[in-house]
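Subject: Model for you to look at

Hello,

Here is the model I said I would pass on. Please look at it alongside the notes below.

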Amino acid sequence: MKGLLANRSACLGGAITLIVIIAVVVGPWLSIYSPADMDFFALLSPPNWQHPFGTDSFGRDVLTRVLYGARVSILVSAAGVFLAAVLGTAAGMLSAHFGGWVETVVMRAADLLLSFPSFVLALFLMVVLGFSIASVTVAIMLVYLPIFARLSRNMATLVKDEPWVQAARLFGQPVYSILGREILANIGTPILVQAATGVAFGIVIEAGLSFLGLGVQPPNPSLGSIMADGREYFSRAPWVLTMTGLAISIALLGLNLLSDGMRDLMDPKLRSRI
Amino acid sequence: MLSKFSVTPLNVRPLMRIENVTLEFPARSRKDSAVRAIDDVSLDIAPGEIIGLVGESGSGKTTLGKTLLGMHPASSGRIWYEGVDLAAADAAALRQHRRDLQLVFQDPLSSFNPRFRIGDSIALPLRLHRICRGKALGAEVSRLLERVGLSGDHARRFPHELSGGQLQRVAIARVLGISPKLIVADEAVSKLDVSVRAQVLNLLKKINRDINVSLVFITHDLSVARFLCNRIAVMYFGRIVELGPTESIFSDPRHPYTRRLLEARRALPIGDMAEDAASPASAGGSIDRGCNYRDRCPTRVSRCDVERPGLEGPSNERRFACFNPDGDRGNDAPARAVAR
Amino acid sequence: MIGDSAVLEVAELSTTFLDRGRRSEAVRGISFSVKRGEILGLIGESGSGKTVTGLSILRLLPEHAEVKARSIKFGHHELAGMSDSEFAALRGTELAMIFQDPVGSFNPAKTIGWHLQHAMARQGAHNAATADMWPADPVSVLREMGIRAPERILDAYPHQLSGGMLQRVLIGMVLALRPQLIVADEPTTNLDNLVERQILDLIRHHQRRLGVSVLFITHDLTIARDLCDRIAVMYAGEIVEIGPASAVLDDPQHPYAASLLRTARSLEQHDATLFELPGEPGQDARLQSGCRFAARCPSVIPRCQTQHPSLVGVSPQHHTRCLLHAQ
């Protein structure tokens with residue numbers, strides 16, 4: 001923890017992410033508008049004191065919609081990545097432990113999923129699963145599952161032959177306990193780093209899917225659908241698209257800086273042991 | 001405590017009996033041959049004795065030590081312990097004896113989970129074997145640390161905060177917690193500073209005296225083996241080539257390889273600087289016919305090319321595997337061993 | 001033949017590491033010299049600073065290490081303050097090195113033959129007297145190193161050879177460069193005893209023949225006694241005893257050197273209990289104002305806690321850093 005605060009990337013990234021999360025959690029609650037409120041007297045009005053992000057073609061406050069939409073995007077992305085992390089890490093560790101055909105099956109399955117570009121895979125899954133928030137979550141989960149499986153299997157393979165794991169086996173520690181306590185404790189950090197990057201990109205996937213009309217359905221706000229709207233009126237009201245895009249960028253920046261900072265911490269910790 | 005001069009009384013039941021154990025690593029490709037890391041080794045380990053496994057790298061000493069703990073499955077042979085053949089036992093049966101058979105690793109730092117505190121690492125086996133719980137655990141950890149010459153405060157530190165010597169003592173403390181009957185020490189002092197080595201060696205000797213635990217001490221350093229061990233088994237190319245009480249091995253080595261090892265402890269110049277024709281580390285695998293040592297042996301005779309010498313000697317406890325140890329082309333075969 | 005002139009003269013070398021705001025002094029103002037044709041042994045345990053000394057002279061330490069010296073004279077070059085590019089021309093040719101793990105000195109993608117030819121093309125200044133004593137072709141070089149099938153080795157790649165064999169090849173390469181000084185840092189520690197003895201014999205044999213000077217860094221007293229002409233014992237970054245090998249190792253004056261010897265003897269004489277020195281080599285030495293060995297010293301007196309001893313002469317060639325000899 002202490003090291004985390006010393007690293008500038010981690011600090012800055014963490015601060016931005018924290019602000020974004022607070023905004024997304026508290027904001028919609030504080031906002032005087034609801035995302036569906038239409039004000040026909042203020043259609044497509046530029047940013048002003050009443051509407052910091054302006055309004056869209058239905059007179060809805062863009063800031064409020066962005067906050068609600070961001071909430072959805074972040075939740076969906078985080079849920080998908082979380083599921084991918086849990087299931088993928090378990091699959092990876094088990095294949096490292098058992099080796100043999102278990103490892104072959106899991107890794108080849110992972111290769112199969114990874115051979116699709118992530119967005120194409122997500123699109124395909126949406127077609128198969130139908131368009132809804134749940135299926136976006138599943139899509140994000142499937143995109144990241146192989147990444148966590150591979151990562152955890154590689155790290156667990158490195159760690160499992162270490163003398164201290166052999167010692168644990170000699171003491172009679174049961175396998176699941178070795179995997180859960182000993183090994184997981186040592187591979188946790190890279191997994192967290194991957195998760196942070198994953199949530200960032202997951203937001204992009206969700207936004208992309210919704211932009212195409214495949215994800216969250218209107219009138220529910222979603223970053224992607226707001227941008228789709230904004231694109232139509234871009235020449236008349238550029239703020240809708242721009243402000244939404246900026247919001248996404250800031251969230252991504254925060255998450256990526258945070259994960260960079262965490263990753264930097266892993267190397268020097270090993271280096272300074274000399 | 002057993003001395004280095006006398007042999008184990010024949011009527012004491014061995015703690016562990018290793019019978020014709022062989023361990024073969026399969027050939028990696030069609031042109032390599034299978035490597036026999038351990039080749040037909042038989043050995044008895046008495047309760048409370050310290051036996052040294054001495055040899056160079058590739059001799060199989062470390063593999064043998066790990067095999068008798070069940071860490072490697074033997075390709076053939078039996079390892080009898082408390083009426084069970086460990087080589088044939090399944091995982092469940094092995095687990096029952098886990099407490100009794102333990103290992104101290106060569107590199108103390110990598111034998112501890114770097115993320116856990118020393119106290120937690122020591123407590124783990126105590127908890128697994130339900131020796132104590134809760135508050136009693138902390139007290140027991142402190143007691144174990146003090147027993148190896150450290151303070152209870154060390155329990156809070158992380159492995160990388162301690163030195164090699166301290167960590168090795170913690171490793172011994174961790175193993176002591178579950179009162180094993182046999183400890184394999186795999187080059188346990190090789191990586192330690194000279195001044196710290198003495199501390200750990202003295203500690204091992206003391207522990208053997210206090211709780212009568214058998215020690216299988218794997219080392220390439222003959223001087224250390226001489227200090228610590230009652231008996232020494234010299235290994236070459238996966239086989240035991242000489243076996244006997246420590247002092248007998250040092251004062252009267254019979255096998256040419258043992259003699260060469262002892263010679264290497266002399267001061268320079270040793271006069272023979274050229275590369276050896278065949279050494280365990282570089283050669284491909286065990287030769288099937290004849291004696292493994294013949295290419296380096298100064299007393300080689302034609303019999304060595306076709307027959308493999310068995311481990312035989314004047315008594316069951318003093319044996320060596322050589323047809324011609326004294327260099328005479330003699331027809332006297334060494335006296336046959338008393339059948340076990 | 002050991003000459004009177006020095007091939008290396010180090011004056012007040014200090015090396016400090018800066019790690020996240022903390023300074024730790026690995027080497028504290030040491031001075032020593034290596035005469036032409038001699039083997040000087042630098043003995044110590046972990047934390048003594050012996051390896052850092054070698055690396056400091058060779059400029060092989062990472063960025064966060066601060067190396068300072070009043071002077072480091074190498075032949076007629078002044079190394080302290082020399083530019084990195086000028087130094088790079090000296091290192092590897094006239095100032096050579098052998099490390100504990102030979103693998104790192106080889107390019108894994110090139111054969112041994114390539115390495116040898118490369119090395120021989122980079123020869124440093126010839127020592128006229130030995131110009132004919134060292135063979136000029138790779139096969140003969142390997143044969144001089146006791147390798148039985150040199151042609152086969154020349155075609156091999158580094159990963160195909162054992163540690164001992166690689167070390168032989170490396171020493172051959174280094175000698176083929178005809179350097180003035182070789183810095184050898186624990187070159188035989190990783191090797192089995194038999195191979196180790198052979199390689200030490202090899203080093204000794206060729207060193208005597210060619211008159212190369214060697215700074216031999218090791219923790220092993222037995223090796224040092226056999227190989228070295230003079231010995232410097234280091235503890236906690238300082239030289240605590242320096243003198244002829246026989247004097248230092250048969251009759252050490254500093255309590256630390258004496259205790260190392262006692263432990264070694266204790267092992268040889270198979271005492272029932274080995275002589276032990278309490279504590280650890282790196283223990284808290286920096287917290288004291290007096291002698292850095294005081295916390296573990298069996299002969300400590302009250303003055304040792306406050307007064308830092310300097311090197312005093314026990315005899316013209318033999319010095320020790322101990323207050324007990326300061327009178």
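C:Arg178 is found in the loop that joins helix 6 (163–176) to strand 8 (181–185) of chain C; helices (H or I, at least four residues) and strands (E, at least two) are DSSP runs, numbered from the N terminus. The model is a predicted one: local features need pLDDT of at least 70 and side-chain atom pairs count only at pLDDT 80 or more, while totals for chains, interfaces and linings use all residues. Residues are numbered from 1 along each chain as its sequence is written, and chains are lettered from A and ligands numbered from 1 in the order in which they are written.

Positive phi in chain C

Most residues other than glycine have a negative phi. In C:Arg178 phi is positive, near 50°. C:Arg178 is buried, since 21 other C-beta atoms lie within 10 Å; the cut-offs are 20 or more such atoms for buried, 12 or fewer for exposed and anything in between for partly exposed, with C-beta atoms placed from the backbone.

C:Arg59 also has a positive phi, near 55°. The loop that holds C:Arg59 runs between helix 1 (50–57) and strand 4 (65–68) of chain C. C:Arg59 counts as partly exposed because it has 16 C-beta neighbours inside 10 Å.

C:Glu9

C:Glu9 belongs to strand 1 (residues 6–19) of chain C. Its 18 C-beta neighbours inside 10 Å make C:Glu9 partly exposed. Apart from neighbours within four places in sequence, C:Glu9 is in contact with C:Ser33 and C:Lys73, where contact means that the C-beta atoms, placed from the backbone, lie within 7 Å. From C:Glu9 to C:Ala69, 60 residues apart along the chain, the C-alpha separation is 11 Å.

Helix packing

In chain A, helix 5 (residues 118–129) packs against helix 6 (residues 133–160) at an angle of about 140°, with the axes 9 Å apart. Axes are lines fitted to C-alpha atoms, for helices over the stretch in contact, and angles run from 0 to 180 degrees between N-to-C directions. Helix 5 and helix 6 of chain A are therefore oblique to each other: under 35 degrees is roughly parallel, over 145 roughly antiparallel, 65 to 115 roughly perpendicular, and the rest oblique. Their crossing is right-handed, that is, the near helix is turned clockwise from the far one by less than a right angle, anticlockwise being left-handed. Among the contact residues are A:Leu121 and A:Leu125 of helix 5 of chain A, and A:Val138 and A:Leu142 of helix 6 of chain A. By class, this contact has nine nonpolar, two polar and no charged residues; Ala, Val, Leu, Ile, Met, Phe, Trp, Tyr, Cys and Pro count as nonpolar, Asp, Glu, Lys and Arg as charged, and the others, Gly among them, as polar.

In chain B, the axes of helix 5 (residues 164–176) and helix 6 (residues 194–211) come within 9 Å and cross at roughly 15°. Helix 5 of chain B is thus roughly parallel to helix 6 of chain B. This crossing is right-handed. The residues that meet include B:Gly165 and B:Ile172 of helix 5 of chain B, and B:Val200 and B:Leu203 of helix 6 of chain B. The contact divides into six nonpolar, four polar and one charged.

Chains A and B

Chain B gives 18 residues to the contact and chain A gives 13 residues. On the side of chain B that touches chain A, strand 6 (101–104) and helix 3 (118–128) of chain B each supply at least two residues. Helix 3 of chain B has the largest share, three residues. That side of chain B comprises eight nonpolar, six polar and four charged residues.

Regards

Notes:
Two residues are in contact if their C-beta atoms, placed from the backbone, lie within 7 Å.
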